[in-house]
Amino acid sequence: MEAWSGPAGKPRPCLHNNLRFAYAASGHADAGRLQFQTRLEGFDEKWSNWSDKTEREYTNLPEGNYHFRVRAKKVYEHASRETAFHFSILPPWYRSWWAYGGYALVCGLLGLAVDHLQRRRLLAKECERSEFREATLRAEAAELQARVLAAENARKTQELEAARKLQLLMLPQTIPRLPQCTIAVYMQTATRVGGDYYDFKLHEDGTLTAALGEATGHGLRAGTMVTAARSLFNALAEEPEPAQILRKAAQALNAMGFRELFMALTVIKLKEQRLLIAAARMPFALLHRAATGQVEEVMLKGMPLGSFADFQYQQQKLVLQKDDTVLLMSDGLVEMFDARGEMLGEEPAKALFAEAAHRAPEPIIAHLVECRKAWAGDHPQEDDVTFLVIKVK
């Protein structure tokens, strides 16, 4: 719903804190020669530019007190007239003081009622045999334990949800656009907080540095390692070679002293049609050559970050041609199990990529996701799945 206001009007109630102000200068026959300037004190830092628009809309305003000010002038005049409109956005009823008072009163009454019933029950139990009393006490202990467990589960659920939102905020919100290639990315976590990670850094000279990795385990421990890996990627992305990024990241993670927490990571640098790639314990990258229709495996051995501080990581240089396609992925596709407990494996995963490699990056990912779901069937997802596809234009 929208709220309309003139210089002296009052807004109607609105939903979602959305307001639209319509204004006009009275007493002017030639209204088309007027210009207006507006400012919402409490929201706008300064006045808007002069304009002949007679409406101003605000959406999702936070709670608080506001002054909407508007002033008008003729096109060739400097002096202007100003009018103001004051309004407040109040919290919803369930967050008002009387609502909180009601909550407190209800909780108090419930507490008194529970206490009263508990006392009566305990007095009645005193008259029963000792065996029955012991059984009742055991049942109460079990119920209390269940409540404690439920409360603890609720607390952990809230923490995981907060960590999930933080992890999603750390992922790139946009995919870099390069003149020589197109890029698509996909990630599906197995739990609320996953261990997979991807990131991009586009440098001033046109070089793209990208990373795709996975931390050991799931949940908050994996999320902690992903956070550390992202910080290191941002700090080391300017290094000229992927192998240097991995080596310095490994040294930094070892210095942090994480125990039994490791990060597998693939790092690439792409400039024009030259691609440098290095990997730390990640599944092989796949390269589809459009000229021959063959799929090449890019195998790079390396220990995961956090295991050894001075490991010498390998890197490989690839020269890409028109319509060549590169696929980076976590192990969620290769290690996907079906209902019989059989793993998909490397060769079938390679064949699935070959089936769709001639397509654009997003349809390639859609094909892999569809085939993964068909293979798994009703078997629950046990590992995170991430794909990064780069196709040369």
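When I say two residues meet or touch, I mean they have heavy atoms within 4.5 Å. Keep that in mind, and keep in mind too that this is a predicted model.

Okay, let's start with a pair of helices, H5 and H6. H5 covers residues 346-356 and H6 covers residues 361-376. Who meets whom there? On the H5 side we have Leu 352, Phe 353, Glu 355 and Ala 356, and on the H6 side they meet Ile 364, His 367, Leu 368 and Cys 371. Sort that contact by class and you get 6 nonpolar, 1 polar and 1 charged residues.

Now the geometry. Two packed helices are described by the angle between their axes and the distance between the axes. Here the axes come within 9 Å and cross at roughly 140°. Anything over 145 would count as roughly antiparallel, so H5 and H6 go down as oblique to each other. The crossing of H5 past H6 is right-handed.

Of its 393 residues, 38% count as buried. And if you take contacts between residues at least 6 apart in sequence, 65% of them join residues at least 24 apart.

You'll find Leu 265 in strand E9, residues 263-271. Is Leu 265 buried or exposed? Its relative accessible area is 5%, and buried means under 20%, so Leu 265 is buried. Leaving out residues up to four places away in sequence, Leu 265 touches a whole list, including Tyr 197, Leu 246, Met 282 and Leu 305. Also, Leu 265 and Ser 330 sit 65 residues apart in sequence, yet their C-alpha atoms are 9.0 Å apart in space.

How many disulfides does a search of the whole structure find? The count is 0. Cys 107 is exposed, at 53% relative accessibility, while Cys 181 is buried, at 4%.

Most residues other than glycine have a negative phi. Asn 60 has a positive one, near 55°. Asn 60 is in the loop between strand E3 (55-58) and strand E4 (64-74), and with 58% relative accessibility Asn 60 counts as exposed. Then there's Glu 260, not a glycine either, with a positive phi of about 55°. Glu 260 is in the loop between helix H4 (242-256) and E9, and Glu 260 is exposed too, with a relative accessible area of 65%.

Methods. Residues numbered from 1 in each chain as written. Predicted model: local features only at pLDDT ≥ 70, side-chain atom pairs only at ≥ 80, totals over all residues. Heavy atoms only, no water. Axes fitted to C-alpha atoms, helices over the stretch in contact; angles between N-to-C directions. Helix = DSSP H or I, 4+ residues; strand = E, 2+ residues; numbered from the N terminus. Parallel < 35°, antiparallel > 145°, perpendicular 65-115°, else oblique. Left-handed = near helix turned anticlockwise from the far one by under 90°. Nonpolar A, V, L, I, M, F, W, Y, C, P; charged D, E, K, R; others polar. Buried < 20%, exposed > 50% of the residue type's maximum accessible area, 1.4 Å probe, protein only. Disulfide = S-S within 2.5 Å.
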